[in-house]
Amino acid sequence: MSLGIDDIRRLVDTIVIVMMENRSFDHLLGHLSYGEHDTGTGVDGLREPLEQQAYENIYAGEPYYPFLMTDGRLPSDLPHEREAVATQLAYSPVSGKHEMSGFAEAYFQFTHVNWTKTPEALGFLTPDSAPISGFLAENFAVCDRWFAPLPASTLPNRLMAWTGSCLVDHTGSILPPRRATILEWLTDHDVPWRVYPDGLSFFALLGEIVRLLGPNFRPFERLAYDFMYEKQKTFPRVVFVEPSYGDAPHLGNDQPNDNHPPLPVAPGEQFLRMVYRALTANPDRWAKTVLIVMYDEHGGFFDHVPPLPIGYDPRPDGTYPPFETTGPRVPAIVVSPLVQPGSVHHENMDHTSVLQFLAEMFGSGPYCQEVEDRRTRGITSLSNVLVPDQPRAEIPIVPDVGMSYEAVADEASPAKTPQQALFQAGAEALLAENRARVKAKYPELWHWKAMRDVKEGPV
Amino acid sequence: MAGHMRVREAGPAREHRSRLRFGGMAETNRMRRMGRDLTFRLGLLLAAALLAASCCSPRIESFSAEPHYVLPGEPTTVSWKAVGHVALAAKPTLADIGKVEAAGSRTFHVGTDTTFTLHVTRCGKEVFARQAVYVVKNGEKRTVVIRTEPEATGGLLAAQDLPEQAWGDLQVAEVKNLCDRELEIRHAGRVFRMARGASSAALHGTPVAGRWELRAELLPGEVVGDPAHAPPDRLWVQLTVMR
């Protein structure tokens, strides 16, 4: 039985949102029902035997199955644009269902130079490789029917998350049409908010250039201090914490930690550990905090649960055919004293569940029509995950595990992928707004631009 | 203060100073020009180095191991083409392997499942790719699975080319129907029917590689495209392979 929204308003002061990159539910949390890692909580993950039809992928007449992998740098990124996702979901006109049997096929068609019976797209991790995700799942609430809103890549899904709508179906190399973002919605509703990006914020790609240069964007390094010491009257109600994106401009030894392949997950695990420690260092503030850790999309990794038949029609503004389903499931964990330890939430959710929650908390009606449409078609609010009427007093201690990794940033100049080009376009837009202020606030970005100009000439 | 001191300077001292100043200015300008020139040259060098670095990425243009399936000790050919410093590794380790030319091919006789990894480094960056070779024994069983599509006649068709690059010249010893219904099988110019669960030597001696067509009728109650009464989206046969 979940709490009523009035109770939640009384019990929750701060909502913290972390969106990581490109891992599927089964890839990161599927182990929660598998073998010795089975938590017995009924989570809909992977089960023994792995060689069963429900997990069987097909390529060139051969079957492929999920397998236990260890973390490490992958040979390449995995395919996850709209066409590749369609291959992965493998809709069968015979069965009338998405058979989720095309992940190996999409991967082999994408890489060309890799072939084994254990393609990376079918690998899944355990807490040995992803100990912080395992810790959070063990101690807080896993949402095992949280889907990427669209069967597409990063930009469409992040647009759904941060605007509630989407006018593009690919992550191209140009910035998307400007739409009102969640930051604008919060501002309009007088909700104090803040963003702590570890590097270039994704909001730079969504047109929030002026806000990026304002006081509500603070470096990730300030998160712990602010959570610990800032007075409540100035403290934000909604906080976005962003990892260092692998596709963003980087210089020197910066370590991306967004978990986007081919990066290993170890840096992202360390990032989540730092976020958790920062938030729990102040027990009083933590008692009234809800942290949401979610992934933007599945990144090309296998998941065995078919997408929900909840489509998205971009018309009249959109320039692409409507989507007929959601994307695959992604990992999502609600971390808060207001959830039961080791619990599993089975309701259908997607990124707009967060927007529903914010509208319940701070609005006077639906977030927007698109989000409301999804609610009426079965996407539930994140508020349904919050259960206890009193916050849990104990604060689980996050393990201090050593994780070795090598995730050296690629300067990515010139950009090698559309997503790198997109991030660079965001950086250029920010620099064009006010180069001096960018130099003062994001010096590494200013230096990146200077280096780029030397290499390629001013853009 | 400096202006006041200049006012007090006069005569030879001022002349000397002026000479020094003009001489010094020329010297300074010359030094500045040299400095600018040096800076320009260094800048050019730096830009050239950076440009080289930016274009300097390792690349794997092709990498393959053919066939993927071999009998113990049979040859498989590993081929590659890359840009950068190239090393070929194998797990388990094989002799006569390591640093190799940017493009080439080698034939290996493997006795156990082996994964070849091509490492390419250039300008401090590395990319890699993997190709596996699996050893199958004479008489070993392999599953073939093919997606179905509706046939105009109302039945199901599952058709697939099994690539020679994967299967080499392995042959079929026996076929077993793993489906819950009778199958009609077409392969290597032969056509025959198999009951559910039955085995057959009708394809004995034909190559595994090539086109396979499996046909099946709908069972009572099945409706194509109806998830509640769905026919199978795939059909399976089991091959016993041989050389």
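Among contacts in chain A between residues at least 6 apart in sequence, what share joins residues at least 24 apart? The share is 74%, where a contact means two C-beta atoms, placed from the backbone, that lie within 7 Å.

A few notes before you start. This is a predicted model, in which local features need pLDDT of at least 70 and side-chain atom pairs count only at pLDDT 80 or more, while totals for chains, interfaces and linings use all residues. Residues are numbered from 1 along each chain as its sequence is written, and chains are lettered from A and ligands numbered from 1 in the order in which they are written.

1. Scores. The model comes with ipTM 0.89 and pTM 0.90. Chain B has an average pLDDT of 85, and 77% of its residues score at least 70; pLDDT is the predictor's confidence in each residue, from 0 to 100.

2. Overall build of chain A. Chain A holds 16 helices and 15 strands, counted as DSSP runs numbered from the N terminus (helices: H or I, at least four residues; strands: E, at least two). Its C-alpha trace spans about 60 × 60 × 50 Å along the principal axes.

3. Burial. Of the 459 residues of chain A, 55% count as buried, meaning that 20 or more other C-beta atoms, placed from the backbone, lie within 10 Å of a residue's own.

4. A helix pair to look at. Helix 12 (residues 352–362) and helix 13 (residues 369–376) of chain A pack at about 105°, with axes 10 Å apart. Axes are lines fitted to C-alpha atoms over the stretch in contact, and angles run from 0 to 180 degrees between N-to-C directions. That makes the two helices of chain A roughly perpendicular, a label for angles of 65 to 115 degrees. Thr352(A), Leu355(A) and Gln356(A) of helix 12 meet Val371(A), Arg374(A) and Arg375(A) of helix 13.

5. The interface. Here 23 residues of chain A are in contact with 38 residues of chain B. Helix 16 (residues 443–456) of chain A gives the largest share of chain A's side, 3 residues.

Technical notes:
Parallel < 35°, antiparallel > 145°, perpendicular 65-115°, else oblique. Buried ≥ 20, exposed ≤ 12 C-beta atoms within 10 Å, placed from the backbone.
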